[in-house]
Amino acid sequence: MLVMSSRIKRIENLKIEFDEQRIFRLIGYKKKSQEIKEPIKKMIAEEKKKLEYLLHPASIYTILDYNETNKHPVFKDAEKVALCLCTIGPDLEDEINQLMEKNEMVRALILDSLGSEAAEEVAIQSDRRLADMARELRFWPSKRYSPGYGKWDVKEQKYIFQVLPGKDIGVSLTESCMMIPRKSISFRINFYKNKKLTTRKNTIQGKSNDRNNQT
Amino acid sequence: MSKEELLARMGKAIIEGDKDEAESLAKEALEEKMDLIEVIEKGYVPGIKKVGDLWEKGEYFLPELITSAECMKSAMNILQPEMEKAQIQAQSKGKVIIGTVEGDIHDIGKNLVSSMLSANGFEVHDLGADVKLEQFIEKAEEVDAHIICLSALLTTTMLGQKRVIEILKEKNLSDRIKVLVGGAPVNKKWADDIGADGYGENAMVAVKAAQQIIEE
């Protein structure tokens, strides 16, 4: 189903912040940061600095009535469904490719981890805002779910891209339903009338909780 | 400086991840007209072996492993052209075909494994990402490879790993060409279920698995 462009909205003011300990874990460390060698710490700091010009976070969404959706079984019992597409843009991945070509694999790994974390942050913030919108409309929001998890096949990416104009934020879909840039995330949130239909911790606010509100 | 001291410094440069030192020692080896096989086998290789030991002891982590692999590659890039000119060939630990399977464009994990395999003496033929399944087998037959490493980052593309193993069986090649699988959604159970010969949970485990296959 085509959605009127006026119903496609952007999540504004996305701010990316990093939890340093998570970055250490993502690049393979299991120990405390003070035990990490200085050259590696220096590299992390240098790659992090590049993010100022490599990150272009963007997020678009629409909120549909159940009857406007393709009525996939995963939307069952929802009054409304929010569909969202987020990205950090292509520049970071281009930089990773250049680093790999130059045999700078550690820097590539660091930047890749920072990119994954940044994309996740965009999704978390988008999810949080959409959940707030659901509450304002007096619905109970579900956790966020991405295609490829549970009963929502990865092929349903095609449906999301039918509804949301990925090209507006520079995201496209491959034949095998992978998003390009790779550091992009798509998801849905079901809006329910009945609180019992959602497992989202709706009463607790905050980042740590929202990080867990994903599947 | 004695030859022994120079060889020891080469190993140390790899262990400490000092790329400039690894490169400068490689240049020195060329200037001194040292036996390049000895330079590799007694200089740099003990360094990368030690790095593997430190990883096993939990003293080194992925970034240190990769830094050492980068150093190894930088030194080899200096030695290789001269070795080719002189028609000297370092002994390969085995031939490996590696790539991310069809439909999957993730490649950083695969590139890390590729670097670690090269640093540990394997002859690596990296086919890149989104590689047609038949291409893995064609290349393996062409270069007479011992191992195919298949990376998949999606639950959907993991099935490509299974299919390659099936094709190898259909062509009666599975005794000759072994398969290692890896990637975020892949685990030991999946590797066992599809009949893979090994599972690379991470880059270093993949190297160990490849070494084990060759030793067998």
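Of the 216 residues of chain B, 51% count as buried. That is a handy starting point for a walk through this structure, which is a predicted model.

**Chain B as a whole**

Chain B holds nine helices and five strands. Read from the N terminus, its elements follow the order α-α-α-α-β-α-β-α-β-α-β-α-β-α. What radius of gyration does chain B have? The value is 18 Å, and this agrees with the figure near 17 Å that a compact globule of 216 residues would have. The C-alpha trace of chain B spans about 55 × 40 × 30 Å along its principal axes. As for contacts in chain B with a separation of 6 or more, 73% of them come from residues 24 or more positions apart.

**Two packed helices in chain B**

Let us turn to one helix pair. Two packed helices are described by the angle between their axes and the distance between the axes. Helix 2 (residues 19-31) of chain B packs with helix 4 (residues 62-85) of chain B at an angle of about 20°, and their axes lie 8 Å apart. Angles under 35 degrees count as roughly parallel, and helix 2 of chain B and helix 4 of chain B are therefore roughly parallel to each other. Their crossing is right-handed.

On the side of helix 2 of chain B, the contact is made by Lys19(B), Ala22(B), Glu23(B), Ala26(B), Lys27(B) and Leu30(B). Helix 4 of chain B contributes Glu70(B), Cys71(B), Ser74(B), Ala75(B), Ile78(B), Leu79(B) and Glu82(B). Sorted by class, this contact has seven nonpolar, one polar and five charged residues.

Ser74(B), found in helix 4 of chain B, deserves a look of its own. Which residues does Ser74(B) contact, leaving aside its neighbours within four places in sequence? They are Lys19(B) and Glu23(B), together with Asn103(A) from chain A.

Over in chain A, Ile124(A) is found in helix 4 (residues 105-136) of that chain. Is Ile124(A) buried or exposed? Its relative accessibility is 0%, so Ile124(A) counts as buried.

| Residue | Relative accessibility | Class |
|---|---|---|
| Ser74(B) | 7% | buried |
| Ile124(A) | 0% | buried |

The cut-off behind both entries is that buried means under 20% relative accessible area. Finally, Ile124(A) and Cys86(A) are 38 residues apart along the chain, and their C-alpha atoms are separated by 9.9 Å.

Technical notes: Residues numbered from 1 in each chain as written. Chains lettered and ligands numbered in written order. Predicted model: local features only at pLDDT ≥ 70, side-chain atom pairs only at ≥ 80, totals over all residues. Heavy atoms only, no water. Axes fitted to C-alpha atoms, helices over the stretch in contact; angles between N-to-C directions. Helix = DSSP H or I, 4+ residues; strand = E, 2+ residues; numbered from the N terminus. Parallel < 35°, antiparallel > 145°, perpendicular 65-115°, else oblique. Left-handed = near helix turned anticlockwise from the far one by under 90°. Contact = heavy atoms within 4.5 Å. Nonpolar A, V, L, I, M, F, W, Y, C, P; charged D, E, K, R; others polar. Buried < 20%, exposed > 50% of the residue type's maximum accessible area, 1.4 Å probe, protein only. Rg over C-alpha atoms; globule rule 2.2 N^0.38 Å.
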